[in-house]
Amino acid sequence: FLNSNHSGNPTYYSLAEDITYIGTDPYGGYALSDAVLEGNGHKISGIKLNSALFDTVVNTAIRNVVFDDITFVSSEEQKDVAILANVVDFSSYITSCAFSNCVLTLPDACCNVTAGIVAAQNEGVITNCIVEDSCEIIHQSGNCSTSSHTIGGLVGVNTEGLIINSISYVKFDLAQNKKYVLGGITAENQC
């Protein structure tokens, strides 16, 4: 399904066809560094995550991928909660990607969470991406009555990164007695 061509830097991955994860064990939390993930318009679907698909994305391009039917299922306390990446760092690009039927549920134990398709973006670039209205971010309860959660439809916190020509129709289903900083594209922009 995935063709890898490593001839120096960066490592190049190319989707040759759609990938549907059929396992039952939660997946996620891998670092992606000095790489290109070329989706060729193919779909990655059916993944149940216990952490973001990628923990960190550094000096990497992710492009032309459809992420469909991705569910975040962790019940552990985590600072960052995301579908694609906890952190997108330095010289990384996410381009022409689509997210559909994704459900991100904030674990009850979480306090002061940063959440979104990408939890935090530091000096990266996201361009021409869409989060469709079939995606949802859910938080219905929790043990932290005084904490605040920073939740963006595309990026939770953006620090010196660029978000260009991208749109989010994500739905929020949130507890009424909690504090939230919300944004359709990004909840907090620190540029």
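I began with the surface: the protein exposes about 8,700 Å², of which carbon and sulfur atoms supply 47%; accessible areas come from the Shrake-Rupley method with a 1.4 Å probe, and for residues only the protein chains shown count as cover.

I noted that this is a predicted model, in which local features need pLDDT of at least 70, side-chain atom pairs count only at pLDDT 80 or more, and totals for chains, interfaces and linings use all residues. Residues are numbered from 1 along each chain as its sequence is written, and side-chain values use heavy atoms, with hydrogens and water left out.

I looked up the burial next: 48% of the 191 residues of the protein count as buried, meaning under 20% relative accessible area (1.4 Å probe, protein chains only).

I then listed the secondary structure and found zero helices and 26 strands. Both are DSSP runs numbered from the N terminus, helices being H or I of at least four residues and strands E of at least two.

I examined strand β12 (residues 80-89), where 10 of 10 residues are buried. Strand β8 (residues 54-58) runs parallel to β12 and is joined to it by four bridges; two strands pair if DSSP finds at least two bridges between them. Phe54 has Ala85 in β12 as its bridge partner. β12 also pairs with strand β16 (residues 114-122), in the parallel sense, over six bridges, and Val87 stands opposite Ala120 in β16.

I traced an open sheet of six strands with parallel pairing, in the order β3-β6-β10-β14-β18-β23. β3 (19-20) and β23 (167-168) stand at the edges, each with a single partner strand, so one side of each has no neighbour in the sheet. Within this sheet, three bridges join β6 (residues 43-45) to β10 (residues 66-68), and Lys43 stands opposite Val66 in β10.

Definitions and conventions: Buried < 20%, exposed > 50% of the residue type's maximum accessible area, 1.4 Å probe, protein only.
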